[in-house]
Amino acid sequence: MANSATARALPPISPLKTRLRKSFFPTPLSGAISLAGMAFAAWALWHLFQWAAWNAVFIGTAEDCRAASGACWAVIADRWRLMFFGLYPHEEHWRSALGCLILILVIILSCLPVFWRPLRLAVLWVCSLAVFILLMRGGVFGLSYVGEERWGGLTLSIFIFCATALIGMPLSIALALLRRSSLPLVSVVTGMVIDSVRSLPLVTILFAVAVVLPILAPGSSGTKIMRVIAGMALFFAAYQSEILRSGIQSLPVGQDEAAKSLGLGYWHRMTRIILPQAFRRALPPTVSQFAISFKEVSLVIIIGVFDFLASGNAAYGSGEWAFTYVEVYVFMAFVNFIFIFSLSRYGAYLERRMRVGK
Amino acid sequence: MPAAVTISQLNKYYGIYHALRDVSLTVQQGEKVVICGPSGSGKSTLIRCINRLEEHHSGTIDVLGHVLDDNMSRIQEVRREVGMVFQNFNLFPHMTILENCVLSPMLVRGTARKEAEEQAMHFLTRVRIPEQANKFPGELSGGQQQRVAIARALCMRPKVMLFDEPTSALDPEMISEVLDVMVSLAQEGMTMICVTHEMGFARQVADKVVFMDQGAIVESGAPTEFFNNPQNERTRAFLSQILAH
């Protein structure tokens, strides 16, 4: 009984043929466009396949590549260590690889709801960053010392990104709340800080922290990587704070009033009522901001930090592989795509998950 | 016994708009006061001043012995003792019904979770929706949400309850389920100040009905007197409009 009732409640499913016709050939013109589009896609895919796989050289020398008409993936096989680890000493590459894996693992762990407690996240990240820095820098436990100026490649890019987000996120919350302060002095000054940072290109900020700061305050401004991270975090926070503020402004004023009427103080209202809801509402632009920041790491190249992009340039830059720049950039684009696409899928998962509690 | 709420010579402005004009009102402990009046008459503003959601500019408000001013800790004292129910429910949509109810007792009163949950279930049972405890506000009807809002306020064990047009945002068929809860609360002796247009409710439970217009109290009195023999012309006009439909 129950089964037949459910079956009757389902909408009728049209046969596949009908659905295909509806989607691709509803009118003669649409049909023609569909056919043309499919023909173009087939042509493009066929050429891509020939270039990227059929005629490609996966392992071999630069000479083998020159002889072949397809892609030269041999450059990746030959130079991947340079791209991933930069100028880190060759025999110590396992440390850089392990450090990179630790960061990726911790990023994945932070994405799991189990770790969504401020304390847990803080402990997780402080511990793993400490391990990362010890491992990379060495000088203890029999590990040889490797200065930060020799860190590089994908490991360094991911490290800069993680550190930027970790410092930038709390800073953005602070800026968003300060800008909403009822004290005019506080809100105006915060607004001016945010607007000044936003009015500067990131390149300028990086240049300032890398070159100008050491001149103004010699000896007391940390290593270059630390200054770069501070500059990027400030830039991230300026944008993210406005994203968060838009989330906060979009909440009905009744939420704060209800919390006040229950006797909740400012911090409890912010941390339990306002910010959790503001983050939900600001989720799509927050995901974009993370994606943008991930890619912006490559700007550090202009102040001589040897990140993934710089390492990639170096990978094809030496005479013998000079003709393989397309392959190297395709590969770097692919690695970036994996990170950004995972991020956007994760964002979509979060949105689905949070819709429940709307 | 001292009065629960004593308001005297209260004035409030929005910019140059004079929202409350020399309002004085005393509410005894256990007393039920219904405030009515046309929209824009200042009735919501008045009860929002009682837990300092609005600041007043002159006059005094004494709530349970605390005189309200800018002192934040005194304001917190008052808010702990005064529950409020809003027109738009204002449940926290990212928390379950139970979490909505235990949040404040745990954070503000320091109640242990187990005890807070038992207390929450007690009040959810009293408003007759214990079975919804683990749902989210968005999954409930308006009437159910408003009953949760009442339970949530009661979980703080308030001495005074403020109701700001609690049935105005409800579909007609849900009004009575909320009013029933309010009536039973009144019968248990809660001190209540209600802004509402539900004159049936006023007749049934109010000790005093206050009519406001243009930011001032025009007339107040016991419900029988107020409804059967209104003194002021504006009161008569208002009552004839509101009782006509």
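In this predicted model, a salt bridge links Arg48(B) to Glu257(A), with 2.6 Å between the closest N and O atoms. The count of salt bridges between chain B and chain A is one.

The interface that contains this pair draws 23 residues from chain B and 20 residues from chain A. The size of an interface is often expressed as the accessible area that is lost when the parts come together. For chain B and chain A, the buried area is about 2000 Å², of which 62% lies on carbon and sulfur atoms. On the side of chain B, the most area is lost to chain A by Phe92(B), His94(B) and Leu107(B), and together these residues account for 29% of what that side buries.

Within chain A, packing was examined for two helices. Helix 15 of chain A, spanning residues 308-317, packs against helix 16 of chain A, spanning residues 325-355, at an angle of about 155°, and the two axes are 9 Å apart. Because an angle over 145 degrees counts as roughly antiparallel, helix 15 of chain A is described as roughly antiparallel to helix 16 of chain A. The crossing of helix 15 of chain A and helix 16 of chain A is right-handed. Helix 15 of chain A contributes Phe308(A), Leu309(A), Gly312(A), Asn313(A) and Tyr316(A) to the contact, while helix 16 of chain A contributes Tyr325(A), Val328(A), Tyr329(A), Met332(A) and Val335(A). By residue class, the contact of helix 15 of chain A with helix 16 of chain A comprises eight nonpolar residues, two polar residues and no charged residues.

Methods:
Residues numbered from 1 in each chain as written. Chains lettered and ligands numbered in written order. Predicted model: local features only at pLDDT ≥ 70, side-chain atom pairs only at ≥ 80, totals over all residues. Heavy atoms only, no water. Axes fitted to C-alpha atoms, helices over the stretch in contact; angles between N-to-C directions. Helix = DSSP H or I, 4+ residues; strand = E, 2+ residues; numbered from the N terminus. Parallel < 35°, antiparallel > 145°, perpendicular 65-115°, else oblique. Left-handed = near helix turned anticlockwise from the far one by under 90°. Contact = heavy atoms within 4.5 Å. Nonpolar A, V, L, I, M, F, W, Y, C, P; charged D, E, K, R; others polar. Buried area = accessible area lost by both parts, 1.4 Å probe. Salt bridge = Lys/Arg side-chain N within 4 Å of Asp/Glu carboxyl O.
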